[in-house]
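Open the model in your viewer and follow the stops below. Each one says what to select and what is there.

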Amino acid sequence: MLTTTKRAQKKRSEMTFEKCVRCGSCMKICPIFDAMGEEQYSPRGKLYLLQVMDKVESDPELAKEFRRLLFQCAMCGRCTDVCSSDVDLLRIWHEQRARAIKDAPQEFAYLGALEKSLENVKNIYGLSPEDRAVYWLDELEQEIPNLRKRVFPEAKTADVVVFLGCLMSFRASQVDVLRALFKSLEILKVDYLVLGAEEFCCGHPLDLMGDEAGAKKLRTHNKRVIKQTGAKQLITCCPGCLSQLQNNYNFTGIEVLHHTQFFDRLLQSIEPYKQTEEFTYHDPCELHRICNVKTEPRSLLKKMGVQFRELELSCCGGGGLLRMTDPNLSDKIQQLRAAREKLSSTTVITACPACREQLLGNNLKTKDIIELLVTCLSEAKG
Amino acid sequence: MRLRDVVAGANASMYYRTDFRRIKAVYYPQTERDAVEAIAKAREMGYDVTPKGAGSGLSGACTGGNRDRVIITTLRMNRVLSISPDHTYADVQPGATPDEINAVLAPSTMRFHVTPSSRDVATVGGMLSTDSGGNDAWLHGTMRDNTLRAKILTYDGKQIEVGREGVRCEDTSLEDDLNRKALTLNDIADAHGLLGFVTELRLALKPIGDETVMAGLVECTDISELGSVVQDIISAKIPVTYGETVIYAHPDIRGSLNPPLLVLEFPEAHLRDLQSITRLRMLTREELAELKDIRLKLAKRTPKRGLQISLFEDYGFYGHNLSRLQERVERIDSYLREHSFEPLAKYGHAPTKWYMGDNTQANGIIMHSNEIKQPRQSSSDVFETAMGLVRLCEELGVTPKPEHKWIYSDYAKLARIRELREVIGGGFNSFILDPDCGAVLSTMIQ
């Protein structure tokens, strides 16, 4: 039996997708529909299925197929952006994913390992929590001598706390970005610390699975540690982490910023970047659409005098756990974009570790904005 | 049964709860050959074919009713095949949208000039099947005026090419028969797919106007004043390049709008002509862009409580009804309220033109209308109210586009389609001609 609250929630949710007038404006802008070409993969198709779910659910095979369909989505939010009917599609996808896992956990066993990792070792890779500040520290310590002292709890307090997130803490492919970030902070003499082993996953993957309780546990820990540092500002390079920290942590007295926001505010002018290659700029979906950070990355690039070509406001294919739930589809999205927007001849500037992984994984050249910035700052420093 | 079959029922009309078990197959052809094969399979199985574009129309024709049927969607037949060397026409597949076509044309000064609000998603094949117009239809006409020819597949797999003057076909006997019946694009326009599956269209392209244009807002004291202004613009033959009206907007979605109003874009040379007809508040480029955006989204706006529904889109007001617009709209609204539907929005193209079922032209206002449906209202309440609106429109002499006339009983168009199907054959969307079409549709409303 549903409790009154649950019934009310169910009703609210249903009313939200019932509001869809099925105009179809969300179809052609959806990266999944673009890659698959059939309507069931489109946002309208999925909302339509929800509107006739009473008919669909009577067939267990159809219900199962629908549950799988919910995880064939990059959660890029472009459908929500384009909707003129006030349908919060992203919220619906979150709710429906949670419902799908609850209704048929056996169909999502492949996500179980991730959930278990997050529960046991608090990161998405199943590695020891102690390793969070090992790989990159080994790599960068010689170049940045004081870096170890910047890691909590050796460093106890700082004005600025850097929240690295799982990808940047564990992936070798992110070390260049970390190097650029830490060097930039050092050059600009920012009082900062890194959370290290005391940082847990931000909770974003669990949020994408609709596991609110699991995400809350991680948030509670992170929030307690961050408060201990006395931080005034919390910065992260990861838009996924940013969306969690900004929207679900409810910090008071701590400003949460993406690194592009932080540096754009800090620097009125920047030594020009000596550009020798052709650049394009890719907006990370979670940064652009969910966190509404649109101007600062461009402002930084402008201050550096970087010339670049704007790309379609489309997804790289790496969001919404899609790399895990359907890696072939995830790759296909990027490959279609690369061909359509002629990416192989350019370096794609972006500001997200997940987009970076996706671009590198498809043999495309990419740089985080901070990598350009550190070059300028180093040049200015002489 | 897979979800790809179920989801074929997705469309913007109120007829969306299809009996999907009667959808026997769904095809997404990419080429004409693929379409020929899909139709052949339907024929072998003895099923009717329902052509579907983007499903953005409001007639429900793309659902195929409740017959055992095969749905062939054009969503993957969306290529611009070629543009003529002089850029005066483009050959395109039926699933291309006006926005996609104009994106290809962007480097040139030529454009495809049919711009419905749904131009981001509506397919030109579907638009021909409903004879769509847009905010510049007054100047550029409807889909039939902008199509030079259409290639169509019949149920027995023959390809016919229908132009403005007649038909060409490899089967000369069929060609002769169809030409004797004087089949032209006027018949294909608005046929709701009853005459075959469109595989290619040759679309007329026209230059972007090079004259300086201005924009103005006409704010009327009442709806009849608005109708009279539109009537005077039509009489003066002012070449309005963009004409949209907002007649009513519910407080939930009104924002800063103050209807009734008319937004016009027109050549600078006609400013005085317009000023002699009405008071015009000139709009900046930014103000115009904002109003265009509001209008574009109005069709999709939803109320805070209840659901948006379009009971009966496209009321066509022309002739003497323009000067009696207030009274006509009030009659419609009071009928809606009597049946517990709250008006949500009334808006549309003005001045504009459209064609009746007998191909005669009408000039006036095409008014779109959305209502608020409450959860307690049953599907039969909704359908009966829609049918009541049809009867009311007949009484008032308000003529909708033929888009809705197959429940509205446009006998001229229906008779013509029946006559042509005797020669060309059936097999496509036959439910529209069934006597129980209305009863079938009434079961598909939420």
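This is a predicted model: local features need pLDDT of at least 70, side-chain atom pairs count only at pLDDT 80 or more; totals for chains, interfaces and linings use all residues.

Select H15(A), residues 259-266, and H17(A), residues 295-303. They pack at an angle of about 50 degrees, and their axes are 8 Å apart. That angle makes H15(A) oblique to H17(A). The crossing of H15(A) and H17(A) is left-handed.

Now show side chains at this contact. On H15(A), pick Thr260(A), Gln261(A), Phe263(A) and Asp264(A). They meet Glu296(A), Pro297(A), Ser299(A) and Leu300(A) of H17(A). By class, the residues of this contact are three nonpolar, three polar and two charged.

Stay in chain A and go to Pro153(A), in the loop between helix H9 (135-140) and strand S1 (160-162). The peptide bond that joins Phe152(A) to Pro153(A) is cis, with omega near 10 degrees.

Next, select Met75(A), in the loop between helix H5 (60-70) and helix H6 (78-82) of chain A. Its phi is near 50 degrees, a positive value in a residue other than glycine. Is Met75(A) buried or exposed? Met75(A) has 24 other C-beta atoms within 10 Å; 20 or more count as buried, so Met75(A) is buried.

Switch to chain B. His87(B) sits in the loop between strand S4 (80-83) and strand S5 (89-92). Phi of His87(B) is positive too, near 60 degrees, and the residue is not glycine. His87(B) is partly exposed, with 15 other C-beta atoms within 10 Å.

Finish at Pro260(B), in the loop between helix H9 (251-254) and strand S14 (261-267) of chain B. The bond to select runs from Pro259(B) to Pro260(B): a cis peptide, with omega near 5 degrees.

Key:
Residues are numbered from 1 along each chain as its sequence is written. Chains are lettered from A and ligands numbered from 1 in the order in which they are written. Axes are lines fitted to C-alpha atoms, for helices over the stretch in contact, and angles run from 0 to 180 degrees between N-to-C directions. Helices (H or I, at least four residues) and strands (E, at least two) are DSSP runs, numbered from the N terminus. Angles under 35 degrees count as roughly parallel, over 145 as roughly antiparallel, 65 to 115 as roughly perpendicular and the rest as oblique. A crossing is left-handed if the near helix is turned anticlockwise from the far one by less than a right angle, and right-handed if clockwise. Two residues are in contact if their C-beta atoms, placed from the backbone, lie within 7 Å. Ala, Val, Leu, Ile, Met, Phe, Trp, Tyr, Cys and Pro count as nonpolar, Asp, Glu, Lys and Arg as charged, and the others, Gly among them, as polar. A residue is buried if 20 or more other C-beta atoms lie within 10 Å of its own, exposed if 12 or fewer, and partly exposed in between; C-beta atoms are placed from the backbone.
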